[in-house]
Every structure is written in structure tokens, then in C-alpha cells.
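Reader: I would like to learn how to read a model of this kind. Please take me through it feature by feature.

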Protein chains: 2
Amino acid sequence: MVELLTGPVEVVGTGMLGTSVGLACRRVGLEVLLTDLSEEHVRTASGLGAGRPRRPGDRPQLVVVAVPPDHLGAAILDALETSGATVTDVGSVKTEPLRVAAASPVLERYVGGHPMAGSERSGPLAASAALFDGRPWAVTPHDTSDPGGVRLVEELAAACGGVAVRMTPEEHDHAVARTSHLPHLLAVLTAARLAGAPEEHLALSGQGVRDVTRVAGSDPAMWQQIVALNADALRGLLAEVREELDALQDAVIGGDRNALGALLARGVAGTRAIPGKHGAPLTPTRSVFVSVPDHPGELARLFADAGASDVNIEDVHIDHDPGRPVGLVELVVEEGRAEHLLGSLESRGWVTHR
Amino acid sequence: MVELLTGPVEVVGTGMLGTSVGLACRRVGLEVLLTDLSEEHVRTASGLGAGRPRRPGDRPQLVVVAVPPDHLGAAILDALETSGATVTDVGSVKTEPLRVAAASPVLERYVGGHPMAGSERSGPLAASAALFDGRPWAVTPHDTSDPGGVRLVEELAAACGGVAVRMTPEEHDHAVARTSHLPHLLAVLTAARLAGAPEEHLALSGQGVRDVTRVAGSDPAMWQQIVALNADALRGLLAEVREELDALQDAVIGGDRNALGALLARGVAGTRAIPGKHGAPLTPTRSVFVSVPDHPGELARLFADAGASDVNIEDVHIDHDPGRPVGLVELVVEEGRAEHLLGSLESRGWVTHR
């Protein structure tokens, strides 16, 4: 329930995240003011419906700082100085910008934030009002943050469709080190083995290596900043990984199957620890495969028939080789509904595979 | 073109892979004979249409051994001894089973093979005739393999819809160490950090960590065998990773942004080295996001409209929170076609997001 947050909301930095915040706030009727070093970005964001350019005399209720990691602390300081508003941000790392912002005599007006939403794309044209829907939004007050400001930021998260998760800046940085930054680095170490590899090696690439290395294709300039700024939290995790890698090497060289098995079991346990997409416990799913002839309209027919079966489709993958007349569509459904969907599709003439 | 392979094909081991080979061979009209330690598995596979139980007096032209990694060498030996057929297999590791099979006086009748096809699921019920369509199928003759047998195995791969890729057993093991086994192990190291992690850490999990750790949920008993059997090829790669991890730790602790940036850049280069799904060069894709109201038939309507736009959909993801009335569908299309699709969908009333 939004009670305190009435706007205007000022967005400083109209890149992908900032513009998305603007669009999401406009979606619920909040007035949005836009600021950016680049007037062109402001015009673009404004043109997309994310708000209007900020003018002298404007009095925002809340300022959302959405600039790149390296400039965040200084931009927060600046916002605290030039407005009487509550100031929050959307940066990936929280303790380092706070350290810089702590020079402010009015630090109590700052409450850190970090929406956990996809950001491989960049720039205002990549923004979306729906970016934060159902996603966790970390809210990280420090010791002196004003409680009213904390409420305001939690309402911002909710207004944008996100789910506020409160924690300290330190807890946040350790959390994202574990669930975002370290995975990114290990994906990079995996991918680095592929650059310059013999072609016949790469010819055998399957879905697994694609999944593991996907994130390693993200903007290296941004990740360089993120990793450097979260060095403290990453230190311990990297040391843990190094230790376990050493044990793995020993197990492989020494043929110690028990040690190998124990590590693999910890990996399985780890995958089960990840919550469902929107924080709910993970519902076991099962994949159903359907051959779909490569004619126009066949995919639509499949979805119409799947819809008629009353089984919810959680996710879809299309394995489609342009050289073949038939593609394989993978429908991911709740485990207990798979047989019903299969029967329903088969009765409508679809060729299915378990 | 299938010229030499006329059948019958005997499948030894009617698990997921073996039964899929049976189904694929039946699909092109080859006679298939089924053998397994478990009569029940044979009955199930036979019932699915993968072939008929082998009988005394049968004379297979080709035997496909599809038993778990640890039993492979012995099963190949047995097949060479008990039939005059060409013998191949579908195992993940090639040099170790070859080493065991080398005790045979008729080793020239053996030609190793390994189809690169998904296998997180197990058992005959998980089999599919389409499993190998468009996938690479490594064919790994050793020094004394009979050329006619090599042709036969390449024709098997083609008959099953796969693309034969010829290499030595050693090259194969090094290739899969790099593109399959090492990625699996690094995914496991990532996932192991999540088991037992504080709940508020896990609450911030995003799509990235899910992608990186997905494969770590696979059958640990099977992977224990695979890693142990491919220890030699993994040794060098693990040492490379250990060295790069050391350098990464130094860069993080020392704040060496240049070294960090160089590693991240190698990661990006690595992701670009992976060929397109079916061996073609990777076509750059772009994701288009569409809000889809949670009413029956809306997804079908979206696909019908997308089809009418004449833009090929490469992949689809559905971000769907049961608590919200609108879901976000991600359509992955060739980069150059994204704007056309967006315009086409927008003109039909869809709410899109870039």
C-alpha cells in the first residue's frame, strides 16, 4: 500500500535502470523528473514516457540516483546537498558508495537500494516499466537513516512492482557477492577457456556450457567496476572457492571418488537452495517436448491447444535448426501436470516426446 | 545418405540414451534389437516403440553400447566377443573404455562414438526419437578401426538426425573436458556456495546464478564416473583455472582494475567462440519483451501475431508470477529483425518493452 510516497520522484541518470524506474513510477501515476549529464538521454527517456526534464524550482519528494557504480557515491552526495528530499539509489554495491556519501552532514536522508532486475542491456531504449515486477528490491538503510525515508524507499519498490527485502549494506554486499558477483566470475573463468580453443573442441559445445557462460558476455566495463567495488565481500568467497578447487584437483588427480561425490552432492544441494523465480519455494517442473512443423501458425496452434488443456506453461524453449523441417519445442510445466498436458496434446495430433 | 547401414541395430542398455537411439533408428525404418540387464527396461523400451527384445540367433549389423560409464569398457569387450558386428558406444569419455576394450583380439571392429545430446533426465521413459536432431555426434575411431565400421557409425549418427564430427579418442576427451566437464565442475563450485547460505542472501538470487548453476543439479553419481574417467584431460584445464583464479584473487585484493578488465574481456571472447546451436556461426539475437495478460488464449494470440510478422522466434522465456495479472514474455529473435517485430506487435495492440 502506497501511503507516504506521493511524488514527485526525481531520477538522476536516465540509463536502462533509471529510465525503467521512471516508466514504472509513471505507470502508477507518480510525477517523475529526469536528470542526466546527457540532455539527449533525458530527451529519449522523456519521449518514452518516463517523465519530464527537471526544472529549477522543482521539489522532488524522493531522488533515485541511477548512475554507474564508480560515480554513485559522489552523485548521492550531490543529491543530498542540492535537495531536501530523501535520496536512494539502485546500485549493485552498497557499502562503498555509502562510505563516500558519509561525508554528508545530512546522511540520514540517504537510504540505499538495489533492485535485482536484469541489466545485460543498457541505455534508455532498453528500459521497461515491467522490469522490476515480482523481483526482489534490496533496501539497505544504514545506522542513521531516517525511518520515514526507509518507508518511502520501500514504497518506491512496491510502486515499481518489486518486493522490498530489507538488510544492512554489509549483508547486501555479501549476499550479491555470493549470488551474483562470484557466479559471474566463475562463468568468466569457464568462458575464458573457450577463447582460442581448437575448433573441434568447440564443435562439441552443448546446452550446458552455454548456460554456464551466458552471463560472461555482459558488459565488462560495468563488471570491472562492480567487482572492484565489492572486493571486500568477494575476498572470502574467492578463498573458499580456491580451497575447494584445490581439493577438487587433488580428488581428480588421486582418483578419490568419495571426495568427488561429496563435492557434486554439495552442488546439487546448492541448486535446490535457490528460491523460485518470485521468492516462492521452487515448484518441481518437468519438460514436455513437442515436434512442431516449421509452417506458419503451427506454434500458435500449439499454444492454443496447450491453453485448452488448462495446464500453465512456466517456460518455453525452442530448439530450431533452420535446415530441418521440424523444430522441437520444450514446454516447462509443473511436474504433476505434465502427463495431463501430454495426453491433451497427443489427443490433438501432436507428436510428443518425454 | 545411408548406404551401408541396413540394420539390424542392437542397443545394449535401454536407458535414456539407448532407448533414444532405438527410437531414432525405428523412425527411419531400421530394425532394432534391445538388450539390457533389466528385462523390465527392455519391455518398457520395446513398448515405447524403440525395438524388440533381442533373441538368440539374431545377427545385428551394428551394436550400440549404451551402459553407464563405469561398465562401458567391459560391455564393449563383451559385445565384440559375442557378435561379429561392428561395435560402437555413446559414452561421455572415450579413451578409458578404449583402454579396457583393447584387450580384445578383434578391436578393429570397435569405433567409439558420443552424441552430444541432453541427458539430465534418465531411464527409457525419458527417451526421445528427436533427441539427436541437429546435434553433434562425435565419431572417434582408433588406429586400427576398420574403415567400413567407421562409415557405419557415421551413417548411424546421420540416421539418428545427428551431425557426425570425426576426431581421435584423445581429442574428444580433451574437447569435452573443456566444453562440458570443466563447465560442470565450475557450476558445482558456484552452487556449493549456496547450500546452507543465509536466507537473505538467497533472497536476492537472479537469473544469472540460475543459469550458471543449472547443470550442477544433474545426477551426481553419473558425473562422479565421468569426471573420474576423464581425469587426465581435466588435469591441465583445472591447473589453468587454478592459475587464473590466483591471478583474479590478486587483482581483486590489490584493486588491479586492468588485470580484472583483461580477464573479463577474455570471458566475453569465450562466449563469442561458442558456435550457434547447430554448428552455424552465432547469429546475434535480441530480446523483445511483451506484456501478456493472464487470460486463456492470450499466449496463442501473441504467437499468431508474431507469426504474421514473419519474424522467426529463436527462443522464448516466460516470466510469470501467478500473483500478477500480467506476465512478461521474452521473444528472442535475430537482432536485425527485432524492430520489425516490435512495430508489428505494437500495431496489433501489444504492450512491448525494449
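Reader: Ground rules, please.

Author: This is a predicted model, where local features need pLDDT of at least 70 and side-chain atom pairs count only at pLDDT 80 or more, while totals for chains, interfaces and linings use all residues. Residues are numbered from 1 along each chain as its sequence is written, chains are lettered from A and ligands numbered from 1 in the order in which they are written, and side-chain values use heavy atoms, with hydrogens and water left out.

Reader: How many helices and strands does chain A have?

Author: Helices (H or I, at least four residues) and strands (E, at least two) are DSSP runs, numbered from the N terminus. Chain A has 13 helices and twelve strands. Its C-alpha trace spans about 65 × 55 × 35 Å along the principal axes.

Reader: What percentage of the residues of chain A count as buried?

Author: Buried means under 20% relative accessible area, exposed over 50%, and partly exposed in between (1.4 Å probe, protein chains only). Of the 354 residues of chain A, 56% are buried. Contacts, meaning heavy atoms within 4.5 Å, tell about the fold too. Among those in chain A between residues at least 6 apart in sequence, 68% join residues at least 24 apart.

Reader: Now the interface. How many residues does the contact take from chain A and from chain B?

Author: Chain A gives 119 residues and chain B gives 119 residues. Buried area is the accessible area (1.4 Å probe) that two parts lose on being put together, summed over both. Here the two chains bury about 10,700 Å² between them, with 66% of it on carbon and sulfur atoms. Arg193(A), Leu204(A) and Arg257(A) supply 8% of the area that chain A buries against chain B, more than any other three residues.

Reader: How many salt bridges and polar contacts are there between the chains?

Author: A salt bridge puts a side-chain nitrogen of Lys or Arg within 4 Å of a carboxyl oxygen of Asp or Glu. The count between chain A and chain B is ten. One of them pairs Glu240(A) with Arg193(B), whose closest N and O atoms are 2.8 Å apart. A polar contact is a pair of N or O atoms within 3.5 Å; within protein, one must be able to donate a hydrogen and the other to accept it, and residues adjacent in sequence count only if both atoms are side-chain atoms. Between the chains, 20 residue pairs are in polar contact, both residues at pLDDT 80 or more. Helix H6 (residues 169-192) of chain A gives the most to the side of chain A that touches chain B, with 18 residues.

Reader: Where is Arg135(A), and what does its side chain reach?

Author: Arg135(A) sits in the loop between strand S6 (112-115) and strand S7 (136-140) of chain A. It counts as buried, at 12% relative accessibility. Its side chain reaches the backbone oxygen of Met116(A) at 3.1 Å. The side chain of Arg135(A) also reaches across to the backbone oxygen of Ser205(B), at 3.5 Å.

Reader: Which peptide bond is cis in chain A?

Author: Most peptide bonds are trans. A cis one joins Gly7(A) and Pro8(A), with omega about -5°. Pro8(A) lies in the segment before strand S1 (9-12) of chain A. In chain B, the bond from Gly7(B) to Pro8(B) is cis, with omega near -5°.
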